[in-house]
Amino acid sequence: LPCMAQLNSGDPEGFGKKRPFDDGSERDGGNKRQAFGNGERPSAVKMLVSNKVAGTVIGRGGATIAKMQQESGSRVRVSNNAEYFPGTQDRVVLVTGETAQVAHGAQLVLTELYENAEYVQAGTWQVPETITLNLLVPNGASGQIIGKGGENIRAMVEQSGAKIQLSSKDKQVPGIDDRILTCIGALPQVKKAVELVVFKICEESSMGYSNLTTNYKAFGGGGGGGGG
């Protein structure tokens with residue numbers, strides 16, 4: 001299953017069912033936009049999640065997003081139903097806020113998918129020992145992620161225990177500034193890797209996303225309305 005954390009031991013029971021809350025509109029739990037003074041851009045990270053599990057991130061009536069936002073202080077948005085990142089069947093989860101809030105919010109997304117979800121609690125799906133998480137990171141932050149001679153990415157691998165790999169620049173979708181960063185490991189390792197990556201890409205505002213929305217429709221990202 002091609003998922004943000006690719007659920008590589010098969011589809012959990014009920015993943016293919018249409019959920020009443022997943023109506024194709026972008027969800028953020030009803031929170032208003034966060035205000036950042038002096039023109040400051042919020043810190044952010046983007047995650048890829050399969051269309052089948054997007055409903056788990058959203059929750060009934062947006063309840064799960066609202067809970068994650070309240071707990072982390074971040075804002076969480078999910079792209080519209082069937083509105084994918086180009087070249088994938090994955091929807092985009094955008095987490096914004098202050099850097100620590102973003103890191104916490106992204107970790108909570110993983111918690112919902114692998115610990116709190118109904119299919120996990122019910123024991124109908126076994127969480128794999130190794131999970132795969134795909135992040136979207138700004139191309140402008142790639143040098144900061146890798147570091148001189150690869151020192152930064154090696155340090156993140158050592159600190160987290162996860163395997164971290166940045167897609168090559170020639171695999172970028174034309175016109176899109178984002179590259180895919182893959183983290184592979186046990187759930188705690190991937191959670192730590194997410195935290196380290198978020199703090200790395202948010203060190204300087206100049207390295208942020210040029211597209212601070214979930215909408216890639218103009219680049220062949222599938223149907224649905226605006227995501228920003």
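**A friendly note on this predicted model**

1. Lining residues have an atom within 4 Å of a point. There are 14 of them around the second largest pocket, and the closest to its centre are L166, S167, S168, K171 and I180.

2. Which elements give two or more residues to that lining? They are β5 (163-166) and β6 (178-185), and β6 gives the most, with five residues. By class, the lining has five nonpolar, five polar and four charged residues. Ala, Val, Leu, Ile, Met, Phe, Trp, Tyr, Cys and Pro count as nonpolar, Asp, Glu, Lys and Arg as charged, and the others, Gly among them, as polar.

3. A word on how to read the numbers. This is a predicted model, where local features need pLDDT of at least 70, side-chain atom pairs count only at pLDDT 80 or more, and totals for chains, interfaces and linings use all residues. Residues are numbered from 1 along each chain as its sequence is written, and side-chain values use heavy atoms, with hydrogens and water left out.

4. Now the overall plan. The protein has seven helices and six strands, where helices (H or I, at least four residues) and strands (E, at least two) are DSSP runs numbered from the N terminus. Their order from the N terminus on is β-α-α-β-β-α-α-β-α-α-β-β-α. Of the 228 residues, 52% are buried (under 20% relative accessible area; exposed is over 50% and partly exposed is in between, with a 1.4 Å probe and protein chains only). Contact means heavy atoms within 4.5 Å; among contacts between residues at least 6 apart in sequence, 76% join residues at least 24 apart.

5. How many aromatic pairs does a search of the whole structure find? It finds one: F85 and Y216, edge-to-face, at 5.0 Å centre to centre and 80° between the planes. Rings of Phe, Tyr and Trp (its six-membered ring) pair if their centres lie within 6.5 Å; planes under 30 degrees apart count as stacked, over 60 as edge-to-face and the rest as tilted. F85 lies in the loop between β2 (75-78) and β3 (90-97) and Y216 in the segment after α7 (187-201), so the pair ties together parts that are 131 residues apart in sequence. F85 counts as buried because its relative accessibility is 3%, and Y216 is buried too, at 1%.

6. Q107 is worth a look in helix α3 (residues 99-116). Is Q107 buried or exposed? Its relative accessibility is 18%, so Q107 counts as buried. Leaving aside neighbours within four places in sequence, Q107 is in contact with K191, K192 and E195. A polar atom of the Q107 side chain lies 2.9 Å from the backbone oxygen of K191.

7. Finally, compare two places. V76, in strand β2, counts as buried because its relative accessibility is 0%. V76 and V109 are 33 residues apart in sequence, with 9.1 Å from C-alpha to C-alpha. S206 sits in the segment after α7 and counts as exposed, at 62% relative accessibility. S206 and G140 are 66 residues apart in sequence, with 8.0 Å from C-alpha to C-alpha.

Note on methods. A polar contact is a pair of N or O atoms within 3.5 Å; within protein, one must be able to donate a hydrogen and the other to accept it, and residues adjacent in sequence count only if both atoms are side-chain atoms. On a 1 Å grid over the protein atoms alone, a cavity is a set of points where a 1.4 Å probe fits but cannot get out, and a pocket is an open set with protein on both sides within 12 Å along at least five of seven lines; lining residues have an atom within 4 Å of a point.
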